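Subject: Handover of a structure, with notes

Dear colleague,

I am passing on the structure below, and I would be glad if you could look through it alongside the notes that follow.

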Number of protein chains: 2
Amino acid sequence: MSEETDFIQRWNSQVKKGILEFIILLMLSKRNRYGYELIVEIKKYTEYDVAEGTIYPLLNRLKTCGMVDSNWEEMESGMPRKYYKITSVGKKNLSEMKKQWLYLISNIQSIK
Amino acid sequence: MSEETDFIQRWNSQVKKGILEFIILLMLSKRNRYGYELIVEIKKYTEYDVAEGTIYPLLNRLKTCGMVDSNWEEMESGMPRKYYKITSVGKKNLSEMKKQWLYLISNIQSIK
DNA sequence: TATTTATACATCGTAATACTATGTACTTTG
DNA sequence: CAAAGTACATAGTATTACGATGTATAAATA
């Protein structure tokens, strides 16, 4: 993604704080997904490299907060996957987050 | 701003990390401003309450990174003000941040 | 007149969170 | 049979917003 100064790199990392939580809830509101899948898809969507040390604690946090629920699913082959599903509380909070996100975007555009 | 659960409040605080830096550089690219003025105007624009313990260290950081420059200005009455001005390096980085910001917005909208 | 509120700067300690490093375990590919 | 990919997890570090606190001046208000 064009020129990446150290400043921009650090900035990107900070922007992820918060945005990442929003993106994950948004993705889970579309369909259930598992951790590793989220890493791959976030990379595809946003070009953000999300470390495993970021995503797994984050998903645990979301679960502790009651935003998502999880269940193991056995595969015919390979490691079992822990699928995450957004809860009704998660949906309610996501809807508020969406509102504030759109609000923020339009506010930033209005800066003069 | 409607219903603010603890979760949303914590989220907002995290979103500010990074976004705040962007907003401040954006504002300073329009015209020079001083710290206290930024607090008041960010509140007006975004409804974000930015603590003084947030803005002053942040401005110092931006200065250390060479993104902004500052100079004291005496007032006819009241405390002197430290005005901040964006540097050419700051402008270059801001332009990259804008690009990535717009990119992020469109990417989030495309999530399915 | 005394007190509170607003303006304007600053620093310190705390809490939250992304990232690096590391580890486990199974499968596929070269 | 080694390396890379898939899939989970945790511990320690660095960064940063925030609450608390402090200094100083001016205006409002009780």
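This is a predicted model: local features need pLDDT of at least 70, side-chain atom pairs count only at pLDDT 80 or more; totals for chains, interfaces and linings use all residues.

By class, how many nonpolar, polar and charged residues does the surface near DNA strand D have? The surface near DNA strand D has 11 nonpolar, 10 polar and 10 charged residues.

DNA strand D is surrounded by 31 residues, and the closest of them are A:Tyr34, A:Gly35, A:Tyr36, A:Gly53 and B:Gly53. Two or more residues of that surface come from each of H1, helix H2 (35-46), H3 and strand S3 (81-86) of chain A, and likewise from each of H1 and H3 of chain B. It is H3(B) that gives the most to the surface near DNA strand D, with 6 residues.

For DNA strand C the surrounding residues number 31, and here the closest are A:Ala51, A:Gly53, B:Gly35, B:Tyr36 and B:Gly53. The elements that contribute two or more residues to this surface are helix H1 (6-30) and helix H3 (52-64) of chain A, together with helix H1 (6-30), helix H2 (35-46), helix H3 (52-64) and strand S3 (81-86) of chain B. Near DNA strand C it is H3(A) that gives the most, again with a contribution of 6 residues, and the surface divides by class into 11 nonpolar, 10 polar and 10 charged residues.

The contact between chains A and B

Turning to the protein chains, the contact takes 32 residues from chain A and 32 residues from chain B. On the side of chain A that touches chain B, at least two residues are supplied by each of H1, H2 and helix H4 (88-109) of chain A, and H1(A) gives the most, with 13 residues. Sorted by class, this side of chain A has 16 nonpolar, 9 polar and 7 charged residues.

How are the two copies related?

The fold within a chain

Chain A has 4 helices and 3 strands, which run α-β-α-α-β-β-α from the N terminus on. Along its principal axes, the C-alpha trace of chain A spans about 55 × 35 × 20 Å. Of the 112 residues in chain A, 26% are buried, and among the contacts in chain A with a separation of 6 or more, 44% are between residues 24 or more positions apart.

In chain B, an open sheet of 3 strands has the order S1-S3-S2 with antiparallel pairing. Its edge strands are strand S1 (33-34) and strand S2 (68-73) of chain B, each of which pairs on one side only. S2(B) and S3(B) pair in the antiparallel sense over 6 bridges, and B:Val68 stands opposite B:Ile86 in S3(B). Across S1, S2 and S3 of chain B lies H1(B), which runs at about 90 degrees to S3(B).

If its neighbours within four places in sequence are left aside, B:Ser70 is in contact with B:Lys63, B:Lys82, B:Tyr83 and B:Tyr84. B:Ser70 and B:Asp6 are 64 residues apart in sequence and, C-alpha to C-alpha, 37 Å apart in space.

The other serine, A:Ser13, has its place in helix H1 of chain A. With 13 other C-beta atoms within 10 Å, A:Ser13 is partly exposed, since a residue counts as exposed with 12 or fewer. Between A:Ser13 and A:Ile111 there are 24 Å in space, C-alpha to C-alpha, and the two are 98 residues apart in sequence.

With best regards

Key: Residues are numbered from 1 along each chain as its sequence is written. Chains are lettered from A and ligands numbered from 1 in the order in which they are written. A residue is near a molecule or strand if its C-beta atom, placed from the backbone, lies within 6 Å of it. Ala, Val, Leu, Ile, Met, Phe, Trp, Tyr, Cys and Pro count as nonpolar, Asp, Glu, Lys and Arg as charged, and the others, Gly among them, as polar. Two residues are in contact if their C-beta atoms, placed from the backbone, lie within 7 Å. Two strands pair if DSSP finds at least two bridges between them. Axes are lines fitted to C-alpha atoms, for helices over the stretch in contact, and angles run from 0 to 180 degrees between N-to-C directions. A residue is buried if 20 or more other C-beta atoms lie within 10 Å of its own, exposed if 12 or fewer, and partly exposed in between; C-beta atoms are placed from the backbone.
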